[in-house]
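Hi everyone, thanks for coming. Let's take a friendly walk through one structure together, so please bring it up on your screens.

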Amino acid sequence: SQGSAGANFRLSLGPWNMMIKHRQIQRRGRRSHMSVSYTDPQVSMDLLRAVLQPSFNDDIMAVFKKYHKFLEKAAENVKENVGQEVPTDQLIKETCRSVLEHVSDIITVTSSLLIHIYICVCVCVCARRVKPRSEPIRREGPKWDPSRLSENSTFVLGSRANKALGMGGTRGRIYIKHADLFKYAADAKDKQWLAERHHMRATGGKMAYLLIEQDIQDLSSSDEYRECPELKMDELKPFSVPDWMVEKMQRAMEAQRDA
């Protein structure tokens, strides 16, 4: 029976755990440790994954380094179109994270060639969507007069305005398409105030922009959007802000206008 048990043990070693069992016996040097269970394929493969992880990391980093210059150019282009306060490093990190998430969609047929092609396509599409600006952004006239902002002014989140004008599928597109709009980058104190009053969710380190509701209403009634079937102005959810925030917005408007 002892010989039969040994034979059964050897038969239980599948191709996924033969190497791992061998390493355990060789390192420990005691037959009693052969009872350690690595017969679960998932556990065995995860151990193998841990061994290969440094090599995977090196290969993935090599790919990102290869295309990093494209990401930098795209991020700088976005910054030029949207405004100086755009965090380019954060944009690049989020794009890289998004690339990795989308790679998981093709993992069943993955190969190093497919991953290289996929990342290249993602970067090229991103770069093509951001078109260079041929004319300077016009920040002048009544809409850029800080005195127009008062305690009676109403504001909307940039993300909501993006959806209201039918651009919800492309986050932040409104800032690129309408770079002449005044937008205010909320700081930590502003975001805390907005979150406490349920105007927005707590966003941590993410950027949050406020736009003037009237500017969005004017856009919605323009020829470009008036007949748009995807127009959803009920998404705006406008609100007022305290005087201290209005004052910061006025200073920001003046600085952006002069710049």
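Before we start, a word on terms: a residue is called buried when its relative accessible area is under 20%, exposed when that area is over 50%, and partly exposed in between, using a 1.4 Å probe and protein chains only. What you see is a predicted model, where local features need pLDDT of at least 70 and side-chain atom pairs count only at pLDDT 80 or more, while totals for chains, interfaces and linings use all residues. Residues are numbered from 1 along each chain as its sequence is written, and side-chain values use heavy atoms, with hydrogens and water left out.

Let's begin with helix α8, residues 188-196. Helices (H or I, at least four residues) and strands (E, at least two) are DSSP runs, numbered from the N terminus. Which residues of α8 are buried? They are D190, K191, W193 and L194. Seen down the helix axis, these buried residues fall within an arc of 160 degrees, so they line one face of α8; the arc is taken from the directions from the axis to the C-beta atoms. On the other side of α8, you'll find A188, K189 and E196 exposed.

And what do the buried residues of α8 pack against? Their partners are β2 (183-185), β3 (209-212) and α10 (243-258). Contact here means heavy atoms within 4.5 Å.

Now look at the two ends. At the start of α8, a side-chain oxygen of D187 comes to within 3.2 Å of the backbone nitrogen of K189. That is a polar contact: a pair of N or O atoms within 3.5 Å where, within protein, one must be able to donate a hydrogen and the other to accept it, and residues adjacent in sequence count only if both atoms are side-chain atoms. After α8 comes H198, which has a positive phi, near 60 degrees.

Next stop, S153, in the loop between α5 (112-129) and β1 (155-157). Is S153 buried or exposed? It counts as buried, because its relative accessibility is 10%. Its side chain reaches the backbone oxygen of R148 at 3.4 Å, and a polar atom of that side chain lies 2.9 Å from the backbone nitrogen of S150. Setting aside neighbours within four places in sequence, S153 is in contact with R148, F239 and S240.

Finally, go back to α10, where R251 lies. R251 counts as exposed, at 52% relative accessibility.
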